[in-house]
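User: I would like to go through this structure with you. Could we start directly with the strands?
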Amino acid sequence: MYPYAGPPPGRTQSWFRFSGPTGAPWIDSNSWVARLAAAHAPGKQIWLAFEPPQEEQSPNEAAYKVAVVDAAAVGAWWILSLDEKLSQALAAGNAEAAKTWRGILDTVAFFETHSAWRGYVHQGPLAIISTFAGDNEFMGTELLNLAARGNLQYRIVDRLHVASADLTGLRAALWVDSDPPAADVVAKPAGFARRGGLLIVPHTVARLFKGEGALDCAVPGYDLRTFGKGTVAAATRDWADPYFLAADAHDLVSRRYDPIRIFNGPSYWTHYSVAPGGNDRLIQLVSFAGGSRFPRMGRSNDVTVRFPARHSSVTLHRLDSSPEALRPVKDGDHIEYQLPQFAVYAALEVKA
Amino acid sequence: MTAMAHRGEIPTRRSLLKNSGLVMAGAALLPRTAWSATAPSAPVALARCDSYGAGVLPTLGKMFDQIGGIGSLVKGKTVAVKVNMTGNPDIRAGFIPIERMTFTHPDVIAATVHLLSAAGASRIRILESPQRSAGPLEEFFITAGWDPNDFIRASTGAKVEFENTNFLGFGNKYIRFPVPKGGLLFPAYDLNHSYYDCDVFVSLGKMKEHRTAGITLAIKNCFGIIPCTIYGDNAPVDEPGLVPQGGRMLIHNGNRAIPKSSPQELDPKSSRDEGYRIPRCIADLVAARPVHLSVIDGIESMNGGENSGGPENYVKPHLLVAGKNVVCTDAVGAAAMGFDPMADRGATPFERCDSTLHLAERLGVGTRDLKRIEVVGAKISEVAFDFRKSRPGPDGKPGGWPEKLNRVRPGRGAPGRG
């Protein structure tokens with residue numbers, strides 16, 4: 001067991017803020033916390049411990065479900081903690097409280113039914129390398145948070161274990177920390193780039209990865225050079241804001257390598273994982289909207305998912321309905337899947 | 001990267017007015033009724049196009065022939081093509097892809113690139129100012145689900161490039177574009193270099209209703225050429241920002257000044273009503289950065305204004321419009337939408353705003369008077385699609401829009417976006 005304290009996740013209606021056409025939604029999730037804990041302690045079970053907010057208005061059933069699925073979607077468990085009002089109402093035999101409690105238990109049971117998913121490996125085109133601690137904690141952890149929020153799928157690499165880290169299948173690696181790696185560690189990211197990967201480094205570390213020929217870089221603030229069969233993108237200015245670093249990293253890696261593309265998904269936290277040793281895939285969406293994302297439209301959850309991986313079937317799993325085979329929809333040259341309405345969570349089981 | 005505006009940077013290397021048809025001398029002295037009679041005119045091609053896909057290229061090719069061809073305009077030239085991609089690229093109304101409602105469809109972009117290339121253009125630079133992003137424009141396309149390589153492959157030889165013009169981009173300075181006759185909102189605008197480093201400027205707009213400007217066509221498309229590092233939310237006080245942050249509410253409501261390094265508003269005490277400000281800004285822009293070729297994608301679209309609703313706002317006008325004078329082209333486009341291009345504030349579709357067509361005409365860019373515009377190809381009456389009648393009615397059903405709702409009192413528009 002690896003307990004990890006974090007803030008309460010979720011953000012249903014009253015907490016969720018959809019900021020309109022020129023802004024971005026704000027979603028609070030603990031899933032990156034759980035994934036970081038797993039990177040720090042490989043092979044351990046991750047338990048998240050946090051209390052629900054003791055606010056005037058108790059979290060509703062959807063908020064509790066989000067707390068459960070936010071952890072479960074990354075293979076972790078939330079140590080169930082009820083707010084005081086719900087606890088008292090349950091003790092008093094309140095029917096509404098009992099319904100909320102059953103909803104929580106049903107959600108836990110759903111993931112126990114699909115316990116194999118906990119073994120799926122989260123995949124993405126980018127490795128994020130950091131100690132995620134000390135001076136590197138803010139930039140490293142906020143990067144994990146904001147990159148995932150922007151649907152940049154990644155693999156977390158604890159800098160302490162970078163020498164033994166598996167970087168195969170990745171397109172890029174991002175060295176977050178401004179302090180340079182030790183001499184015996186340099187070889188790992190350098191080797192990754194020389195074999196064809198893209199290495200993104202802060203300007204304070206650039207001298208250790210001197211590239212060769214200069215290349216045009218469409219992302220402002222980076223010096224892009226060839227490096228063996230790959231490339232090195234060295235920042236030309238300080239990384240002050242993890243939001244911009246996450247955006248830069250996504251631009252440098254390119255969204256064309258995103259394993260999934262989601263339409264109407266700004267209020268969803270998306271997880272992409274692959275069955276160990278296999279080609280079956282799992283796409284999980286956790287809704288932080290708690291209801292209609294577009295009150296003006298009077299609709300919710302018209303989510304479309306597109307992914308390039310070859311597959312034979314896609315099955316939709318929801319918390320409150322039976323599994324449903326999805327039929328593909330053709331949009332030009334692309335195959336898409338249009339998801340039926342779902343409240344808190346949806347999983348697409350993609351069979352190779 | 002250093003972002004710095006340069007005062008007094010007036011385009012001189014090429015004459016921005018060349019081929020634009022601008023007739024400015026004395027325009028402001030003419031009585032209102034005379035503007036339509038004296039502003040330049042050029043033929044406009046109108047065509048029905050049933051769907052996206054293979055039919056777009058031959059239809060558009062024929063339309064370019066109908067307006068006199070584009071070879072003499074683009075041969076050996078660098079052509080900048082401003083597309084219309086307003087808003088989040090990964091947001092759809094229901095399950096309908098955004099390019100079928102709000103964005104210029106990639107098939108129309110690709111067809112335009114192909115025809116420009118085939119006509120001899122040496123370089124084609126596709127431009128847009130994606131919101132809140134200093135990332136490559138290609139990434140914006142990919143987020144929308146498009147493949148930017150499709151546009152490269154559409155070219156028969158011209159080099160195809162992309163630039164995000166919402167900030168300094170690949171340039172090392174902003175270029176100042178003065179507005180002829182002094183301008184309506186600003187005397188000059190500081191723009192990304194790509195709007196200067198081109199011989200020919202194409203506005204490739206979308207036909208749709210717009211909450212703030214009434215309609216979006218080729219003129220309104222040009223609102224997106226102003227960089228949000230200067231004209232956008234959270235732009236710094238003194239100099240342009242390094243990256244765009246937010247939209248252009250600073251222009252919409254004028255609640256604060258743009259960075260001091262750029263030319264300031266002509267009259268800070270003028271109306272803050274966005275229905276007053278936005279049309280003036282857009283008219284300024286098409287006068288300052290003349291449009292040589294306008295193409296309007298109205299094959300599929302939306303009614304009711306951008307971001308205004310769901311799938312019930314999805315419409316199929318099946319229209320393409322093209323012309324070499326942006327006001328004339330928009331006038332025909334407006335008529336094909338069921339609107340009177342001679343309408344002014346208070347009348348449909350300008351219930352809440354001034355007419356951009358009128359203001360651009362007043363700046364001498366072109367006439368909006370259909371009696372002075374040669375329409376080639378289809379007749380307006382034969383292909384017109386009434387956007388208002390197609391609006392969903394109170395019951396939410398498409399086509400239920402009651403005529404009486406068009407007669408709303410002019411007033412302050414709802415919050416819009418550019």
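User: How many bridges join β7(B) to strand β10 of chain B?
Analyst: Five bridges join β7(B) to β10(B) (residues 293-298), and the two strands run parallel. Strands here are DSSP runs of E of at least two residues, helices are runs of H or I of at least four, and both are numbered from the N terminus. Two strands pair if DSSP finds at least two bridges between them. Within this pairing, Lys206(B) has Asp297(B) of β10(B) as its bridge partner.

User: What numbering and confidence limits apply?
Analyst: The model is predicted: local features need pLDDT of at least 70 and side-chain atom pairs count only at pLDDT 80 or more, while totals for chains, interfaces and linings use all residues. Residues are numbered from 1 along each chain as its sequence is written, and chains are lettered from A and ligands numbered from 1 in the order in which they are written.

User: In which sense do β2 of chain B and β7(B) pair?
Analyst: Strand β2(B) (residues 78-83) pairs with β7(B) in the parallel sense, over five bridges. Ser203(B) in β7(B) is the bridge partner of Lys82(B).

User: And how many residues of β7(B) are buried?
Analyst: Seven of the seven residues of β7(B) (residues 200-206) are buried, so the strand is largely enclosed by the rest of the structure. Buried means 20 or more other C-beta atoms, placed from the backbone, within 10 Å of the residue's own; exposed means 12 or fewer, and partly exposed lies in between. Val200(B), Val202(B), Leu204(B) and Lys206(B) point one way, and Phe201(B), Ser203(B) and Gly205(B) the other way.

User: Switching to helices: at what angle do α2(B) and α4(B) cross?
Analyst: The axes of α2(B) (residues 56-66) and α4(B) (residues 106-118) cross at roughly 50 degrees and come within 9 Å. Axes are lines fitted to C-alpha atoms over the stretch in contact, with angles from 0 to 180 degrees between N-to-C directions. That angle makes α2(B) oblique to α4(B); angles under 35 degrees count as roughly parallel, over 145 as roughly antiparallel, 65 to 115 as roughly perpendicular and the rest as oblique.

User: Which residues of α2(B) meet α4(B)?
Analyst: Val56(B), Leu57(B), Leu60(B), Gly61(B) and Phe64(B) do, and their counterparts in α4(B) include Ala111(B) and Leu115(B). Contact means C-beta atoms, placed from the backbone, within 7 Å.

User: Finally, how many residues does the contact between chains A and B take from each?
Analyst: Chain B contributes 25 residues and chain A 25 residues.

Technical notes
Two residues are in contact if their C-beta atoms, placed from the backbone, lie within 7 Å.
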